[in-house]
Amino acid sequence: MTDLAVPEAEEGVGAETPRPQALLLAFLGGHVLDRGIHVATASVLDVLDRAGISEHATRSTLSRMARRGLLHRVRRGRNVYIGLTGRSRAILHDGERRMWRDGVVDRQWDGTWTLLGFSMPESWQRQRHALRSRLLWAGFGGLQGGLWIAPGDVDVPPLLDGLGADEHVKVFQARALPPTDLAEIIREAWDVERLAERYRAFLARWEDPPAHAPDSLARDLLLESGWLQTIRADPRLPREHLPADWPAEPAQERFFALSAEIKPAARAIAAEVLDTITDAEAED
């Protein structure tokens, strides 16, 4: 895992334009992942331009991801093609699971919590930042005294992959006992109202989908990257501990419905505009 496992998000609630990395991940996940292809850089520039991202920003993001081992680049004639690596496939499959299979609330919670504490040397700023980002992506919230908590059984070892921090982390599973007030725990660990505002902002923004982009391919990328940024810090709290008017599930229904409506046309446009070669051709 890498710190790019957590897509970047704009500051503030309901930001209008996702950052280039979020859109690029949406593009790679929707049109490259599991298709056995490399796609021309020129095609990527074209597609992200449709979604409002400048050529300079897209090229910078592609270069950064390639330096971190997340993209494979190969030149064929005058064109450069990019494909996925094992690391980027793992990231995209994880995002795919979050978007399409996990659901935004936990309706089968068994009452267990995963507790995690860590203490790293002061010089380990990069590792500390990466771990915090991964913990947020995995549904953890900061409680008190350096203790992080997440509902359910979280598989922690993958979150530590590549950090060399195993000896600095302690992990437990527990159940809350009296006099613990779970409502108070949840309020301390997560900004529930801010989470709700993100879902309300998503619903408001996608009330009129055609206004967001010039064609279905761009709309599809904006929809998926916007949804991923909306759910990125959501711990999927147990339904019984959420307000009755929690907006996450209505927002998820809107996302699923719009995706089903937009995606066929988006795929048709992609088939026309993307210049691709097979992974086998890229290795020749």
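Two strands are said to pair if DSSP finds at least two bridges between them, and the strands themselves (E, at least two residues) are, like the helices (H or I, at least four residues), DSSP runs numbered from the N terminus. The model is predicted, so that local features need pLDDT of at least 70 and side-chain atom pairs count only at pLDDT 80 or more, while totals for chains, interfaces and linings use all residues. Residues are numbered from 1 along each chain as its sequence is written, and side-chain values use heavy atoms, with hydrogens and water left out.

E1 and E8 run antiparallel and are joined by three bridges, with Ile-37 opposite Thr-278 in E8.

In H2 (residues 41-50), Thr-41, Ser-43, Val-44, Leu-45, Val-47 and Leu-48 are buried, where buried means under 20% relative accessible area, exposed over 50% and partly exposed in between (1.4 Å probe, protein chains only). The elements that cover these buried residues include H1, strand E1 (37-40), H3, strand E3 (79-84), helix H8 (216-231) and helix H9 (248-273). After H2 comes Gly-52, whose phi is positive, near 95 degrees.

Two of those covering helices also pack on each other: H1 (residues 20-31) and H3 (residues 55-67) meet at an angle of about 70 degrees, with their axes 10 Å apart. That makes H1 roughly perpendicular to H3, a term for angles of 65 to 115 degrees, whereas those under 35 count as roughly parallel, those over 145 as roughly antiparallel and the rest as oblique. The contact (heavy atoms within 4.5 Å) is made by Pro-20, Gln-21, Leu-24, Leu-25 and Leu-28 of H1 and by Ala-57, Thr-61, Leu-62, Arg-64 and Met-65 of H3.

A nonpolar core is a set of buried Ala, Val, Leu, Ile, Met, Phe, Trp, Tyr and Cys residues joined through side-chain atoms within 4.5 Å. The largest one has 66 residues, of which Phe-27, Leu-28, Trp-227 and Trp-246 touch the most other members. Leaving aside residues up to four places away in sequence, Phe-27 touches Val-32, Val-39, Val-44, Val-47, Leu-48, Leu-221 and Leu-274. A second, separate core of 16 residues includes Met-120, Ala-130, Phe-140 and Val-169.

The other open sheet to follow also has four strands, in the order E5-E6-E4-E7, again with antiparallel pairing. Strand E5 (141-142) and E7 stand at the edges with a single partner strand each, so one side of each is left without a neighbour in the sheet. Strand E4 (residues 112-118) has seven of its seven residues buried, with Thr-112, Thr-114, Leu-116 and Phe-118 on one side and Trp-113, Leu-115 and Gly-117 on the other. Seven bridges join E4 to the antiparallel strand E7 (residues 169-175), where Val-169 is the bridge partner of Phe-118. With strand E6 (residues 147-151), E4 pairs in the antiparallel sense over five bridges, and Leu-115 has Ile-149 as its bridge partner there. Helix H5 (residues 125-137) lies across E4, E6 and E7, running at about 170 degrees to E4.

Notes
Axes are lines fitted to C-alpha atoms, for helices over the stretch in contact, and angles run from 0 to 180 degrees between N-to-C directions.
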